Amino acid sequence: MHTAFLMGNEAIAMGALAAGVNLVCGYPGTPSTEVLETVAKNRGDSVYVEWSVNEKTAMEVAAGASYAGARALVTMKQMGLNVASDPLMCLEYIGVKGGLVVLVADDPGPISSQTEQDTRSFASFSKVPVFDPSSAQEAYDMMREAFAFSEEYHTPVFLRPTTRVSHGYASIRVLDAEEYEIHTPDGFVRDPARWVIFPRFSFASHRRIEERNTALSDVLSDYAPNRIEPGDPACRKGIATGGISWTYVMEAREKLGKCRVLKVATPFPFPEKKAVEFLSGLDEVLCVEELDPVIERALIYVCGKYGLSIRILGKQTGHIPLSGENTRDSVAAAAAAFLDLPLPAVSESTPPPLPVRPPVLCAGCPHRASFYAVKQAMKGRKTIFCGDIGCYTLGNAMPLDMVDTCLCMGAGLGIAQGIRHLEADRTCFAFVGDSTFFASALPGVVNAVYNQAEFTLVVLDNSTTAMTGHQPHPGTGRTMMGEVVEKVSIENVLRGIGVTEVVTVDPLDHARAVEAVRGIADLPGVKAVIFRSPCIALSKPQGCLSVDAAKCIGCKKCIREIGCPALSISGGKAVIDPAQCTGCGLCAQLCPVHAMEVSSRA
Ligand code: SF4
Ligand code: SF4
């Protein structure tokens, strides 16, 4: 055993390795991504790791490994759980053999997500037990416990950190490599009665799961992290909390006096007996949690079930905000108001406000050139540009203003089809990135071709999964295990599905890019433009440009039309920040007086 300074996600990964995990797969998504990456960096030869094409596939790969007796970890963020939910819901009915932990990192805020959904609520919906760590140390310990729990009760198990647990750093106690468990899978044993899901079996499974979870409520009441911090016996008020909010409550409690506190580490199945013990002798309880009022509702239920006359306060009574993150200060304020105490003084100095930085595509990003080409080609036409999830969602920012809709990964294709069915005079485009293309766009293309839809698919291929940190995908030609493999060709896939008109063009060649869009947009049926140019984080800059002030007429066209953050105006002339410019050359191609010139070569 030694001490290591780890990010929460690193702690989770190291916990999985210490538990003898055999297979890890997932799909990247903030705030979960570093878990799989840390496993990949630290794994031994016996651990298989992959970025799967999407979360559903990852869940199925993990299920297969578990059927063969392996310990398997599958990682994703809360949005990804929606994609993985189909196999997961069925897997809970089938059960597992080797331990299977589903790491879902929730994003209160939300800081980098479309929704604020709560995996604790998904746990009760899917009937899958959930462990909710409040610190990096607890996340490390819980990962090891979750594998053992999964095997003992033959169920997949959620481990659900939130952003501040996943991305916070702490010194924690971890096992030395020699102390790791060694888990040797015994292989798949053919047994259709166990591994083939049928309605008849599912009826029995449902009953078994409900009975098991009722029993687990008692088992989990004795699980050490579900605990009561004793308080002043004269205080008839208590606080119930869990996850990162527990840490905030304990910090506030040091300053606000010692009321009793219930820590809920397994929100589902809820540790009912532990809750009854906590509630005994109290008049009022404040529930402090993020996202859904899971603990609050559970305590109201417990009070009703056991005939306890206790006022339960929290999100539903307006004492805790209904959405967004809790903070140390917001929790201290809520606790002070609840306990009728003055707000403790904040001793630390308040940091100065940060400058406002609106999200924008990077200087030199090829997506800027792609959007600009489509915009120029379609000028004056009645169009709709259906966007998708990735860096390129930032194509919505002015002055590009090229994202009319964005729902969830892969949805742009379906939305373009739906709108075109209703508006025959509208020219429809659907933009999708290369990683999203493989993850969730393919069924949309099949649907469009077979049902004779009319739209142009624009694949923005920058040869990586850029937004989450440059993970490989089937179009990149390398795997997470480091192997170089044959790329899956987007062109061949599209042609194989039946898209006959497919053109590939470099978006940074502006004239050709515009011509390609004009040439294809009015063709009947489904057609595709693939804009291929690597992400600037992958390719070496081509040098940088500067503006010849003698030539520049100060028309600002370069700034007004593409919004590259390297461009600004000074003294009535355009200037280029050499620290940001990658030399992509897009601005030079639209300047009416050719004022841009190469100023340096990298
Ligand atoms: S060449 Fe122009 S558009 Fe490209 S990064 Fe430099 S300033 Fe921006
Ligand atoms: S487009 Fe050319 S002339 Fe106009 S401001 Fe930019 S650099 Fe100057």
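How are α11 and α12 oriented to each other? They are roughly perpendicular. The axes of these two helices cross at roughly 80°, and angles from 65 to 115 degrees count as roughly perpendicular. This is a predicted model.

**Helix packing: α11 and α12**

- Helix α11 spans residues 272–279, and helix α12 spans residues 294–306.
- Their axes come within 10 Å.
- On the α11 side, the contact is made by Glu272, Ala275, Val276 and Leu279.
- On the α12 side, Leu299, Tyr301, Val302, Cys303, Lys305 and Tyr306 take part.
- By class, the residues of this contact are eight nonpolar, two charged and no polar.

**Helix packing: α3 and α4**

- Helix α3 covers residues 55–67, and helix α4 covers residues 78–94.
- They pack at an angle of about 30°, with their axes 7 Å apart.
- That angle makes α3 roughly parallel to α4, because angles under 35 degrees count as roughly parallel.
- The crossing of α3 past α4 is right-handed.
- From α3, the contact draws on Glu55, Lys56, Met59, Glu60, Ala63 and Tyr67.
- From α4, it draws on Gly80, Val83, Ala84, Pro87, Leu88, Leu91 and Ile94.
- This contact of α3 with α4 has nine nonpolar, one polar and three charged residues.

**A covered helix: α1**

- How many of the residues of helix α1 are buried? The count is 11 of its 11 residues.
- This helix runs over residues 8–18.
- Its buried residues include Asn9 and Glu10.
- Also among them are Ile12, Met14 and Leu17.
- Glycine 20 follows α1 and has a positive phi, near 80°.

**Around the ligands**

- Ligand 1 has 14 residues around it.
- Which of them come nearest? They are Cys564, Cys581, Cys584, Gly585 and Cys587.
- By class, the shell around ligand 1 has 10 nonpolar, four polar and no charged residues.
- Around ligand 2 are Cys552, Ile553, Gly554, Cys555, Lys556, Lys557, Cys558, Ala574, Cys591, Pro592, Val593 and Met596.
- The shell of ligand 2 divides into nine nonpolar, one polar and two charged residues.

**Two single residues**

- Is threonine 582 buried or exposed? Threonine 582 is buried, because its relative accessible area is 13%, and buried means under 20%.
- Threonine 582 sits in the loop between β21 (573–576) and α20 (586–590).
- Leaving aside neighbours within four places in sequence, threonine 582 contacts Ala363, Gly364, Ile536, Pro541, Gln542 and Gly543.
- Histidine 421 belongs to helix α15 (residues 411–422).
- Histidine 421 is exposed, with a relative accessible area of 55%; exposed means over 50%.
- The C-alpha atoms of histidine 421 and serine 121 are separated by 36 Å.
- These two residues are 300 residues apart along the chain.

- A cis peptide bond joins threonine 30 and proline 31, with omega about 10°.
- Proline 31 is in the loop between β2 (23–26) and α2 (34–42).
- Another cis bond runs from glycine 109 to proline 110, where omega is near -25°.
- Proline 110 lies in the loop between β5 (100–105) and α5 (119–126).
- Aspartate 401 is not a glycine, and its phi is positive, near 55°.
- The loop between β14 (383–386) and α15 holds aspartate 401.
- Aspartate 401 counts as partly exposed, at 37% relative accessibility.
- Glutamine 452 also has a positive phi, of about 55°, although it is not a glycine.
- Glutamine 452 is in the loop between α16 (434–450) and β16 (455–461).
- At 66% relative accessibility, glutamine 452 counts as exposed.

How values were computed:
Residues numbered from 1 in each chain as written. Chains lettered and ligands numbered in written order. Predicted model: local features only at pLDDT ≥ 70, side-chain atom pairs only at ≥ 80, totals over all residues. Heavy atoms only, no water. Axes fitted to C-alpha atoms, helices over the stretch in contact; angles between N-to-C directions. Helix = DSSP H or I, 4+ residues; strand = E, 2+ residues; numbered from the N terminus. Parallel < 35°, antiparallel > 145°, perpendicular 65-115°, else oblique. Left-handed = near helix turned anticlockwise from the far one by under 90°. Contact = heavy atoms within 4.5 Å. Nonpolar A, V, L, I, M, F, W, Y, C, P; charged D, E, K, R; others polar. Near = heavy atom within 4 Å. Buried < 20%, exposed > 50% of the residue type's maximum accessible area, 1.4 Å probe, protein only.
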